Amino acid sequence: MKYTSGSVKKGRRTYYYIKNTETGQIEPQCTKYLKHKVMQNRAANTVIRIAGILPFYMDFLADRDLTLSSVAAMKFADQSEHFYEFLMYVKSGAHTGSYKEVKNNTANSYLQAVFGLYSFLHRNGELPYLSVLDDRNFSYVTPVGTAVSSSFLTYDGYLKKNEHTARIATKEDIQKILSACTCNRDKLLIMIMEETGLRIGEALGIEYTEDIDFEKKRIFVRYRDANANRAFAKNAEERFMKISDATFSLINVYLSENAELFEKTDYLFIVLHGATRGKPLTANTFYSTLENIGKKCGVKVTNHMLRHYFADERRKANWPIVEISKALGHKNIATTENYLHVTPREIEDAQDIYLKNNTSGVNVSDFL
């Protein structure tokens, strides 16, 4: 590869760069974009993923004697052909040299990262707007009656999304999972995640001294970049979620039964046994715990499944998609749509109810 990525730590932040391996020079435009993502407090994994993708695109450009500027200056048809070719380049596995075909969703995510780079450079005044991207607008009314409008960039040439094949959790599954927990800590963590839709990093970063409103029974998500267990909220925006009386009661029981350990830490979720007893719980340890719980109850358990369960239950409770999106902490409403599982039967039933409720005033005899 002509281009590669790297990182450097400055203070508490880690910055990422793209470098030309032949000249040893830092690629300035990609590196500025990556710095921008870090300054936006985007999740470390998100920035690392983008830093891993951009060298493949820069190699793709170099092999065709193109630059970011020359692509941005192309006419619509040429741009469309260029980005479709890149999609097929990634889809075929040519970008890694393995030629092992990847999923459509993976190829699309590569192009989305590239479009993010171009959009940043446009907003920074360095490149013209890509003609293949469209501004789409959507509007909605909040529960208090305020009209809100928003916009997002879209591209019509993405490959068809792979169908989501993961099994959807049911209420019975959640009960089996909770029954298989061997301690209140694990039961509490699962209850909080399925009730609030928190990401694992957000849940493990909860500090019981600051992030729990014991009066109103709420849990806050706060961005911190120096958690001891390297658990981070994905975005810097603060939000909060109500919890049930049962979960609130379990918090108090859990804190009480481990009172000695909590005298030395602010974190809600901690290691209860062994050499690291009292230390903040890490994601890897929790993943292992979920695997063991799954083997015990016969349900494959993942933290992502709990977020999907949260989203699907709120959809069934008729929450507007915008509210589900905010609760999940999504930046893009399209991401929320991928979390929701609507079956053809549900669509048919909804249409049947709509037709019954909205066509009663039509007299068939008028058409005869």
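Leaving aside its neighbours within four places in sequence, which residues is Asn108 in contact with?

## Asn108 and its surroundings

In this predicted model, Asn108 is in contact with Leu87, Tyr158 and Leu159, once the neighbours within four places in sequence are set aside. The residue has its place in helix H5, which covers residues 104-123. Asn108 has a relative accessible area of 6%, and because buried means under 20%, Asn108 counts as buried.

## Confidence in the model

The mean pLDDT of the chain is 84, and 79% of its residues reach a value of 70 or more. Among the elements of the chain, helix H3 (residues 68-72) has the highest mean pLDDT, at 97, whereas helix H15 (residues 344-358) has the lowest, at 54.

Strand S1, made of residues 3-10, pairs with strand S2, made of residues 13-20, in the antiparallel sense and over eight bridges. Within this pairing, Ser7 has Tyr16 in S2 as its bridge partner. The two strands form a hairpin with two residues between them, and in the turn Gly11 has a positive phi of about 65 degrees.

Between S6 and S7 the antiparallel pairing runs over four bridges, and Ile219 stands opposite Met241 in S7. In a regular strand the side chains alternate between the two faces of the sheet.

## Two nonpolar cores

The largest nonpolar core has 45 residues, and of these Ile177, Ile190, Leu268 and Phe269 touch the most other members. Several elements give two or more residues to this core, including helix H6 (171-180), helix H7 (184-196), strand S6 (218-221), helix H9 (245-257) and helix H12 (303-316). The largest share, six residues, comes from H7. For Ile177, if residues up to four places away in sequence are not counted, the residues touched are Ile190, Ile293, Cys297, Val299, Val301 and Met305.

Apart from this core lies another one, which has 44 residues, among them Leu61, Tyr89, Val114 and Leu127.

## Salt bridges between buried residues

The count of salt bridges comes to 14. In one of them, the side chains of Asp186 and Arg185 meet with a distance of 2.8 Å from N to O. Asp186 counts as buried at 4% relative accessibility, and Arg185 is also buried, with a relative accessible area of 8%. Another salt bridge joins Arg218 to Asp213, where the closest N and O atoms are 3.0 Å apart. Here Arg218 is buried, with a relative accessible area of 16%, and for Asp213, which is buried as well, the value is 16%.

Where does helix H12 place Asp312 and Arg315 along its turns? These residues are three apart in the helix, so they are separated by about one helical turn, and their side chains meet in a salt bridge of 3.3 Å from N to O. Asp312 counts as buried at 4% relative accessibility, and Arg315 counts as buried at 18%. Salt bridges that share partners join Lys171, Asp312, Glu313, Arg315 and Lys316 into one network.

## Aromatic pairs

The structure holds 19 aromatic pairs. One of these is formed by Phe56 and Tyr110, a tilted pair with 6.1 Å from centre to centre and 35 degrees between the planes. This pair links distant parts of the chain, since Phe56 lies in helix H2 (residues 44-63) and Tyr110 in helix H5, 54 residues apart. Both Phe56 and Tyr110 are buried.

Phe115 and Tyr155 form an edge-to-face pair, with 5.0 Å from centre to centre and 65 degrees between the planes. Distant parts of the chain are linked here too, with Phe115 in helix H5 and Tyr155 in the loop between strand S4 (147-154) and H6, 40 residues apart. Phe115 is buried, and Tyr155 is buried as well. Ring pairs link Tyr57, Phe60, Phe83, Phe86, Tyr89, Phe115, Tyr118, Tyr155 and Tyr158 into a cluster. One member of this cluster, Tyr158, is also in contact with Asn108.

Notes:
Residues numbered from 1 in each chain as written. Predicted model: local features only at pLDDT ≥ 70, side-chain atom pairs only at ≥ 80, totals over all residues. Heavy atoms only, no water. Pairing = 2+ DSSP bridges. Buried < 20%, exposed > 50% of the residue type's maximum accessible area, 1.4 Å probe, protein only. Contact = heavy atoms within 4.5 Å. Core = buried A, V, L, I, M, F, W, Y, C linked by side-chain atoms within 4.5 Å. Salt bridge = Lys/Arg side-chain N within 4 Å of Asp/Glu carboxyl O. pLDDT = per-residue confidence, 0-100. Phe/Tyr/Trp six-rings, centres within 6.5 Å; stacked < 30°, edge-to-face > 60°.
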